[in-house]
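Have the sequence and the structure open as you read.

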2 protein chains.
Amino acid sequence: MKVLLLNRISIYLTLNRISDFYHHITMAKEKRTSIKDLASSLGVSPALISIVLNGKAKQYRISDEMVKRVKAAAKEMNYYPNVVAQNLRGGKSQLIGVIVTDISNPFYSTISRRIEDRANELNYNVLFSSSDENLENTERLIKVLLNKGVDGLIVVPCDGSRNSIAELIADDVPLVLLDRNFPDLDVKYSCLDNFKATRLATRHLIDQGYENISVISYETQMNHIMERVAGYEETMREAGLEKSININRINLSNPRSEMREVLGHLFQGNTEAILCLTNMLSINGIYCLKEMNKKIPDDIAFVGFNRSDVFNLLDSPVTYIKQPIEKIANEAVNRVVDLISGSSYAADDVIIADPELVIQSSTPKKNVLTHT
Amino acid sequence: MKVLLLNRISIYLTLNRISDFYHHITMAKEKRTSIKDLASSLGVSPALISIVLNGKAKQYRISDEMVKRVKAAAKEMNYYPNVVAQNLRGGKSQLIGVIVTDISNPFYSTISRRIEDRANELNYNVLFSSSDENLENTERLIKVLLNKGVDGLIVVPCDGSRNSIAELIADDVPLVLLDRNFPDLDVKYSCLDNFKATRLATRHLIDQGYENISVISYETQMNHIMERVAGYEETMREAGLEKSININRINLSNPRSEMREVLGHLFQGNTEAILCLTNMLSINGIYCLKEMNKKIPDDIAFVGFNRSDVFNLLDSPVTYIKQPIEKIANEAVNRVVDLISGSSYAADDVIIADPELVIQSSTPKKNVLTHT
DNA sequence: TACATATGCTAAAACGATTAAGTAAGATAA
DNA sequence: TTATCTTACTTAATCGTTTTAGCATATGTA
């Protein structure tokens, strides 16, 4: 359009004037309509416009006639409010800040997608960011997001972030923890029932006839992992298998080589079944087993955590613990919006979602294999 | 802290007064330091503070003595600027809106992560959203993001969005297309060299001795897919294999069953090698081949698109076309920031990134298999 | 002595929206 | 007739920052 116009008109212009014309176009670039523009175009005060467009016409006894005119003008002049100004004035930004550990991690990208959709349903937008499980990043991102004027936060807290989270609570920032929580803090959260998750998996393995069940976990103080470990331990103990409890912790700085080492150990012992406590550990484990030419389930039974395409591609698809991602994400958003606006979308103060065990052929009845 | 304090003092208070006290605490909640606070604490004007903290002291001939005092006070009172106010004043939000088709798709979540990081490096934040390849969603999201006051947009355009994109350009919205583009529009973009990508793959297959190479694509008018098809076709023609050109298009509404059908056809014909034009098609293809008990590469050679964990888990890891995701994401951000602020971070006006072919054992020399 | 120049700062408007408080004009009541 | 109440608006302050224009005071020059 612009170019067409320029071509048509420039016929009549000297070179000098063309640049004037250009300048004029640039200057004339339709600035976004503000409340003032609407006001002066209707010959009324800016306040009136604001009142009408915020649905407070009744309260301020603005005439129906005027309300109509204002709305018509707003539509015609394509007015939409400047969120930055609204935000400064002390209003809300309709923005939720989300900190996950890594948005490119399939678990968190799936959860983020659902957070996005739910937030949109409730008329919020989402600022995502990734902490890389790093405390400094987490603290920086919290500051950045608050500084951006987000109305509330959904945070996957990393190791060591307890105090930062406590500060947020003390400052009355609307906050919901996701995926993990700090049981000693009075904070809202939306998590898997991690204890039940490994309990379910361990019970299943025991029911299938396995006794020497080993866990692969990683080094952390985070509550969600400790719960997973506890679920395994307690179930083993209940079954009188306390002597077989075997927990292997991997340092995340070099997961592949540490996994190799751990698996090497396990095969020197009498481990019959492996339970991996995270998705990343599961996938690494599967890769390493393949490297070592060990077959699931012939050489070892295997239970993974969270779905992965990789699980279903094996000759024996992998039994895994499935999280109700939709529910966890939905309720996190519901809760934070409740905190922000006093609404009551959330089913509960705190969400501890039930896991599901998707049973596939990586965990067959043990006697089928050994006694036939 | 708050609770401790409350307990101590409440001893002396009636119930009524406790709520007063609570109210008082809430009111007293340390408000964030503003420029005004600094100014009055130093007995100078707010302008001076702003000038000093923006490094314009020289320009405004502020004394060195004063500069020191201001900086010391700012540090001591833990001042940091209110970004919302800065944005209002400067008309910028330091926000980039990003529309991908689905943030939970591994390709886009990986690219989003890099967009996030690069944007942060340039002092921007990112609003992500997902269009689900849907035109209405795309148009709605563009509006929503502009309403949020984003300074610029990075968009993965969906089928049929040409006109919406053209409008954005006409409105001078800083915009960079990602992953796909419209060659007839004068718009910035950051994409893979799609033609070269399939050219590379097809060439490789031909070099390995395959002649009957079939492509699996999907129904779309989008340029990036047409380029991929063209790269294949032209390479086949150059090699004198025009008669073997075989392009199969799948409707995305039901990919798995359509894939089964297509593969069934291919096995009835004389296809020796399959080239899948997207990651999703590749993974679906691999699943279906497994279902059909067909082995890669014994029964058929296979080239995939974009990396996937699945590719490397097969007995013969899959040869695939690798995109320089980092570069594509980086340059998209660079470009849009350049458009917004007149900087010049981007290497070029338009980025057409070189693909890389990661050669693995799914595409062995043909004669090795057939003539030994 | 008078004028110009340098120095070191301040005043005030602006960005766009919201809202408590106020006002003017007409209607109603005493 | 005067006081009171409605109605339908407006005024002006405010959020926190930036920036242009200006104002004293001090110093230098002729």
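B:R114 forms a salt bridge with B:E121. Their closest N and O atoms are 3.3 Å apart. A salt bridge here is a side-chain nitrogen of Lys or Arg within 4 Å of a carboxyl oxygen of Asp or Glu. B:R114 is buried, at 16% relative accessible area. B:E121 is partly exposed, at 49%. Buried means under 20% relative accessible area, exposed means over 50%, and partly exposed lies in between (1.4 Å probe, protein chains only).

This is a predicted model: local features need pLDDT of at least 70, side-chain atom pairs count only at pLDDT 80 or more, and totals for chains, interfaces and linings use all residues. Residues are numbered from 1 along each chain as its sequence is written, chains are lettered from A and ligands numbered from 1 in the order in which they are written, and side-chain values use heavy atoms, without hydrogens and water.

B:E291 forms a salt bridge with B:R260, with the closest N and O atoms 2.7 Å apart. B:E291 lies in helix α13 (residues 279-291) of chain B and B:R260 in helix α12 (residues 255-268), so the pair ties together parts 31 residues apart in sequence. Helices are DSSP runs (H or I, at least four residues), numbered from the N terminus. B:E291 is partly exposed at 45%. B:R260 is partly exposed at 37%.

In chain A, A:D207 forms a salt bridge with A:R203 at 3.4 Å between the closest N and O atoms. Both sit in helix α10 (residues 194-207), 4 residues apart, so about one helical turn separates them. A:D207 is partly exposed at 44%, and A:R203 is partly exposed at 34%.

## Network and total

Salt bridges link A:D102, A:D132, B:R113, B:E116 and B:D117 in a network. Over all chains, the structure holds 38 salt bridges.

## The cavity

How many cavities of 30 Å³ or more are there? The count is 1. A cavity is a set of points on a 1 Å grid over the protein atoms alone where a 1.4 Å probe fits but cannot get out; lining residues have an atom within 4 Å of a point. Grid points are joined across faces, edges and corners, and volume is the space filled by probe spheres set on the points.

The largest cavity has a volume of about 150 Å³. Its lining has 14 residues, with A:V84, A:N87, A:L95, A:K148 and B:L95 nearest its centre. Helices α6 (83-88) of chain A and α6 (83-90) of chain B each give two or more residues to this lining.

How values were computed: On a 1 Å grid over the protein atoms alone, a cavity is a set of points where a 1.4 Å probe fits but cannot get out, and a pocket is an open set with protein on both sides within 12 Å along at least five of seven lines; lining residues have an atom within 4 Å of a point.
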